[in-house]
Amino acid sequence: MAGSELSVDTLKSALHRMMLIRRAEEQVIDLATSFDDLIRGHYHVYIGQEASGVGACMALGPDDYMFTTHRNHGHVIARGGEPSPVIAEIIGRTTGYNKGRGGTFHVIAKHLGVLQTSAIVGGCVPMAAGAAFSIKKRGTDQVSLVFFGDGVLEEGAFHEALNMSSLWKLPLIMMCENNSVLPEGRRQGEYPSSSFAATQLADVAKAMNVETHVVDGGDVREVAGLLTELAHRTRAGEGPFFIESRMTRWPGNRGSFPELIGGPHQMDWTWDPGTADARLQDWLTNSDPVSLLCRSLVEEGAMTREEVEEIDAATRKEAEEAREFALSSPTPSPESAMDYIFA
Amino acid sequence: MSSTMDITTEDKLDLLRRMVLIRAFEERVIDLYHRGDIAGLVHVGIGQEAVAVAVATSLLEGDYLYGTHRSHGHFIARGADINKMMAELAGRANGYCEGLGGSMHLVAAEVKAMGATGIVGGTIPLALGTALAHRDAGLVVAVYFGDGAANTGGFHESLNIAALWKLPVVLVCENNGYAEFTPMSEHTVVERVSEHCKPYGIPARTVDGNDLLEVLEAMSRAVEHARNGEGPTMVECLTYRLRGHYIGDPAQYRQANEVAEWREKDPIERLTKQLKSERALDEDAASTVKREADERVEDAVRFALGGEYLSMDAMTARVFG
Amino acid sequence: MANLRFVDALREGIAEEMRADPRVMILGEDVAVGGAFGVTRGLVDEFGHGRVINTPISEDTIMGIAVGAAVAGKRPIVEIMFVDFITLAMNQLVNHAAKVHFMSGGQLAVPMVIRVQQGAQGGWGSQHSQSLEAWFAHVPGLKAVAPGSAADANRLIRASIRDDSPVVFIEHRGLYFRHDPDGLEPGESVLGKAHIVREGSDITLVSYSRMLTECLEAAEDLAGKGISVEVIDLRSLVPLDIDTVIESVRKTNRLAVAHEAVVQGGLGAEIAARVQEMAMDYLDAPVLRIGAPYTPPPASPKLERAFVPDRAGIAARLHRMLSYSKEEGS
């Protein structure tokens, strides 16, 4: 796999993004649980999935498009989004990417090519196909990448979009993030579910003549390697592609009300999972994409522990500043309530 | 009829009569449409009669049937009263639906023909629901849809759920090669609609839809599978509508030679020829079959055109009453 | 019935009907594990997975399945987790559920309940906070009810399940975990019957669902200023009990309608139009409509609070209404 060829610098920058997502999401959880009135509803964090989003976005160029879901915070940061306007958006401030109109479900950053974030399950797949259609009509070599969860395959609109993107050979990469796979199942095996009859998600796309891949979404090198190759082939007109990125759920991910078990991540846990809360140990050992990358970089001699911890400290600081930025930003005035209804 | 092995010559003659009746009904519908006695958007299935008759034959009395926008034949084959059907098409109060449904929304509940629909693929979920309601009663639900419906989300949602819940449903795809005016090659990547079944583990067969006995054989197995509690199946019937998408559609999107080829495969001609070769039917008997069908249809036309229209008061009272 | 929380009263109503009628079943995403708000919690233990059925995230097909089960003799309840997601099922709801009875000339009936949860509360943004009841009221063949109290939730869900037509049952998530105020007497709960919750003589204030609470509080505030407000809980939007409203307007000569939905094209417009058709001569002031401004629900909690009408805002507008004179205009 091409992933093994990533340079140390590239891997360092991937690690930085992954840690930045982790630390920013920790701030989000803390804001939601420490304040009554900042994030009052449910919300979804990307902890434990950082390698998938970062690896995929590493394959994108500045002009490419990206679409995402209710679990979008990490994707937007993976795409290069700044934690400050992301967190500001999540708590509804005017300095947020959507000026406080979108909130946790709908962070959009047009300047990064993040054209839409939908909280409707599967809502973005047709739109991503539409962006790909536009690329094809304009004849540019852009790529449209859409992230979605495995539940999307239960929605009809996904299949409609799948058929049309295959029929029209659209430059679309469909990244299905399946975050409920046991560690041993991330590379192979079937996916049993109580709500989906097909035991291989990719088979559905295969039936519509779409090339499919299964990737270990906990391994940023694998994801980046595969996506780089597929993005290249998409630009050459070989799309669309369907990828099932398999991940193992972070134990703190309790549906839409996540919990930081044992508090924010400590680097000691990465080096020695036995020092963490018992509920986290197995995940830290086998599945945490950040810990897996940190340990492998150190084992390979590409980085020292100290260098890794420096990156971590920098991202922690950045996330804390983002939190302060968001908290000190103004909320939209009621007088501005009628803005942005029509263009 | 549980298996095609048991089919006698008399059975085959009966199957032929039913196809001929459907054809006679629809040809007269076209005529009435052009005379202004029937209005609306009317879709005839001339050329697809073998599927209708085979599917109806494979079902038992207690089983359910759901149709599409092109369902006259489905309902007649199921045993619906053609008088009430014709009256419905003519918008009369003595029609099955009091003139409120029309051609596209026929319901003949008395023969468990539960509904046609103007929504492409729209009855597939309804069929699943009816199957769910009777899951433990040993009943089977057959639902028709076309190749165009295979591109609707509801079709894929239904494949998943039917498989997940092992519902006693037979998905009958009438693949006539066109979604309205668009050939299959332009609306989907699959060669056969049945390919969508594979990921969900739904057994599927593709058959010559103009060969009544072949459809009947496949349907009988599918119905048995469902009745045994083994879950859904699909029977994809490759067929062709010899007329346009709706009455009045000049169908200029099709090549003359393509239509001519399919005329050669006309299911009525085929079965007639077979029966003649088996010396079960001669020219006179064939004419009699046709004449009897025409007479029944004429009775239906008289019944229909003699019917009254529903009053506005009765119509508004129907919304919740 | 003891003073239960809305969510518990609703669940108890469903359970009572399920006990009484084996045809009643529930389908929806996560319903067998209690649903997103716990309405169906525990029902699977009593009634089993054959009647409390978890579904994939396939709203349109689930709606169609319920229609198909209803015409074949069941009485299904469909839970749509957020009303916003009913957009995905409008095909089956509008094209089949609402009109199969009519189109079949009465051969088929569609006895089903579509439970939806709606309302702007919690800053959940534009796709999880809408109030869409006016859509349902506009489609012939759908009934729609929106209880504002736990007592009504219990009685109206039972009436809805027993009804032979499709009923959209609108729940407000801001009500789920509330008890009814002491002394609230629900009166008779049947579809199509409004209820005068508070009698008054100066202004008729019509509302439903969670906004009823704000209206009652506003009426209390105004009472302290000597203004007597008659508060009517519509409860049932289709059929609409316009007679009760007209009768009240003949007494008070002023009408205000308050709902959380966007004012434009909302139920308030329908009520205002009917009242001016039927009781124009009794009105001393234009009918006042109170509701959300013409925007999607915003995510920002601060904007959201401004988006939803509240006690103080309602009281202030009613107060102003009293100073209207026909000669001077407002």
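Me: At what angle do helix H4 (residues 82–89) of chain B and helix H11 (residues 283–305) of chain B pack, and how far apart are their axes?

Reply: The angle between H4(B) and H11(B) is about 50 degrees, and the axes are 8 Å apart. Axes are lines fitted to C-alpha atoms, for helices over the stretch in contact, and angles run from 0 to 180 degrees between N-to-C directions. Helices (H or I, at least four residues) and strands (E, at least two) are DSSP runs, numbered from the N terminus. The model is predicted: local features need pLDDT of at least 70, side-chain atom pairs count only at pLDDT 80 or more, and totals for chains, interfaces and linings use all residues. Residues are numbered from 1 along each chain as its sequence is written, and chains are lettered from A and ligands numbered from 1 in the order in which they are written.

Me: Why are H4(B) and H11(B) called oblique to each other?

Reply: Under 35 degrees counts as roughly parallel, over 145 as roughly antiparallel, 65 to 115 as roughly perpendicular, and the rest as oblique. H4(B) and H11(B) pack at about 50 degrees. They are therefore oblique to each other.

Me: Which hand does the crossing of H4(B) and H11(B) have?

Reply: The crossing of H4(B) and H11(B) is right-handed. (Left-handed: the near helix is turned anticlockwise from the far one by less than a right angle; right-handed: clockwise.)

Me: Which residues of H4(B) and H11(B) make the contact?

Reply: H4(B) brings B:Ile82, B:Asn83, B:Met86 and B:Ala87. H11(B) brings B:Arg296, B:Val297, B:Asp299, B:Ala300, B:Val301, B:Phe303 and B:Ala304. The contact of H4(B) with H11(B) has eight nonpolar, one polar and two charged residues. Residues are in contact if their C-beta atoms, placed from the backbone, lie within 7 Å. Ala, Val, Leu, Ile, Met, Phe, Trp, Tyr, Cys and Pro count as nonpolar, Asp, Glu, Lys and Arg as charged, and the others, Gly among them, as polar.

Me: What makes H1(A) oblique to H2(A)?

Reply: The axes of helix H1 (residues 8–34) and helix H2 (residues 50–57) of chain A come within 9 Å and cross at roughly 135 degrees. That makes H1(A) oblique to H2(A). Their crossing is right-handed.

Me: Which residues of H1(A) and H2(A) meet?

Reply: A:Ala14, A:Arg17, A:Met18, A:Ile21 and A:Arg22 in H1(A) meet A:Glu50, A:Ala51 and A:Val54 in H2(A). By class, the contact of H1(A) with H2(A) has five nonpolar, no polar and three charged residues.

Me: What makes chain B as compact as a globular protein of its length?

Reply: Chain B has twelve helices and eight strands. Its radius of gyration is 19 Å, close to the 20 Å that the globule rule gives for 321 residues, so chain B is as compact as a globular protein of that length. (The radius is taken over C-alpha atoms; the rule is 2.2 Å times the number of residues to the power 0.38.) The C-alpha trace of chain B spans about 55 × 50 × 40 Å along its principal axes.

Me: What radius of gyration would a compact globule of 343 residues have, and what does chain A have?

Reply: A compact globule would be near 20 Å, and chain A has 19 Å, which agrees. Chain A holds twelve helices and six strands.

Me: How many residues of chain B are in contact with chain A?

Reply: 18 residues of chain B are in contact with 18 residues of chain A. The side of chain B that touches chain A has six nonpolar, nine polar and three charged residues.

Me: How many residues of chain B are in contact with chain C?

Reply: 31 residues of chain B are in contact with 29 residues of chain C. Strand S2 (113–115), helix H5 (123–133) and helix H6 (153–164) of chain B each supply at least two residues of that side of chain B. H5(B) gives the most, with eight residues. That side of chain B divides into 17 nonpolar, eleven polar and three charged residues.

Me: Which domains does the assignment give for chain C?

Reply: Chain C has domain 1 (6–172) and domain 2 (195–322). The bounds come from an automatic or database domain assignment. The domain centres, taken over C-alpha atoms, are 27 Å apart. 22 residues of domain 1 of chain C are in contact with 25 residues of domain 2 of chain C.

Me: What joins A:Gly239 and A:Pro240?

Reply: A cis peptide bond joins them, with omega about 0 degrees. A:Pro240 is in the loop between helix H8 (220–235) and strand S6 (241–246) of chain A.

Notes: Contact = placed C-beta atoms within 7 Å.
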